[in-house]
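I wrote them down in the order in which I looked things up.

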Amino acid sequence: MEQVRVAVQSTDPMTHVGLTSFLGSRRELTVVDGAEDRPDVVVFSTDHLTSDAMARLRQTATDIGKPTVLMTGDLGEAPLLTVVECHVVAILPKKTATGTQLVDSVVAAAEGNGVMPRDVLGKLLRRVEVLQREVLAPNGLNASGLQPREVDVLRLIADGWDTEEIAQELRYSERTVKNVIYNMTARLHLRNRAHAVAYALRAGVI
């Protein structure tokens with residue numbers, strides 16, 4: 001098995017040393033310094049997700065941009081959606097997590113999977129529900145950031161239909177179809193129709 005490249009971040013220097021030593025001793029992992037060494041996964045450790053810890057987590061997400069395993073003593077009232085936006089795909093309780101659980105979480109993150117405690121997952125799903133109900137739905141959006149008619153247009157583009165055919169099928173003018181595509185690609189910073197279709201496929205809406 002190819003080794004997973006891991007970057008360690010911690011708000012506590014002693015914890016950083018301990019994690020670096022432990023992870024570096026595992027044959028399936030290799031510890032690297034940071035973004036310049038192209039890690040596959042980040043392990044971020046903090047006792048509490050204070051405002052300073054969150055700021056560092058956001059900076060790590062900006063600098064490295066890789067799946068992150070978060071070890072923390074207490075989530076408290078941490079903004080879980082913001083935590084997820086910082087590429088956190090696994091959360092481990094710092095006081096009770098075992099070395100095996102940590103390594104398994106790192107490998108899972110490298111493979112594109114996630115590991116969340118049941119209570120955290122429940123809170124996260126409830127907050128996503130609130131986001132959908134109070135923010136997205138009133139603006140005619142779904143979790144992908146796409147409007148229903150945008151999804152309709154993208155589904156037909158994915159099937160190979162041209163603008164005229166889409167307009168006839170959806171009973172829009174060709175100008176309306178072009179405006180839908182333009183506004184969607186501009187809002188979501190997509191390069192072209194193919195990029196928009198790929199975005200919708202990844203979001204699971206077509």
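Entry 1: I began with α8, which has 14 residues and reaches 20 Å from its first C-alpha to its last, close to the 20 Å expected at 1.5 Å a residue; the expected span is 1.5 Å times one less than the number of residues. Helices here are DSSP runs (H or I, at least four residues), numbered from the N terminus. I noted that this is a predicted model, in which local features need pLDDT of at least 70 and side-chain atom pairs count only at pLDDT 80 or more, while totals for chains, interfaces and linings use all residues. Residues are numbered from 1 along each chain as its sequence is written, and side-chain values use heavy atoms, with hydrogens and water left out.

Entry 2: Which residues of α8 are buried? I found Val177, Val180, Ile181, Met184 and Thr185, where buried means under 20% relative accessible area and exposed means over 50%, with partly exposed in between (1.4 Å probe, protein chains only). They cover an arc of only 115 degrees around the axis, which puts them on the same side of α8; the arc is that of the directions from the helix axis to the C-beta atoms. An α-helix has 3.6 residues a turn, so residues three or four places apart point the same way. On the other side of α8, I found Arg175 and Tyr182 exposed.

**Entry 3: the partners.** The buried residues of α8 pack against α6, α7 (163-170) and α9 (193-203), where contact means heavy atoms within 4.5 Å.

**Entry 4: α6 against α8.** Helix α6 (residues 148-158) packs with α8 (residues 174-187) at an angle of about 105 degrees, and their axes are 10 Å apart. Axes are lines fitted to C-alpha atoms, for helices over the stretch in contact, and angles run from 0 to 180 degrees between N-to-C directions. The two helices α6 and α8 are therefore roughly perpendicular, a term for angles of 65 to 115 degrees. From α6, Arg149, Glu150, Val153, Leu154 and Ile157 meet residues of α8 including Val180 and Met184.

**Entry 5: α7 against α8.** For α7 and α8 I noted an angle of about 105 degrees with the axes 8 Å apart, so this pair is also roughly perpendicular. Thr163, Glu164, Ile166 and Ala167 in α7 meet Glu174, Val177 and Lys178 in α8.

**Entry 6: after the helix.** Last, I looked at His189, which follows α8 and has a positive phi, near 60 degrees.

Notes: Angles under 35 degrees count as roughly parallel, over 145 as roughly antiparallel, 65 to 115 as roughly perpendicular and the rest as oblique.
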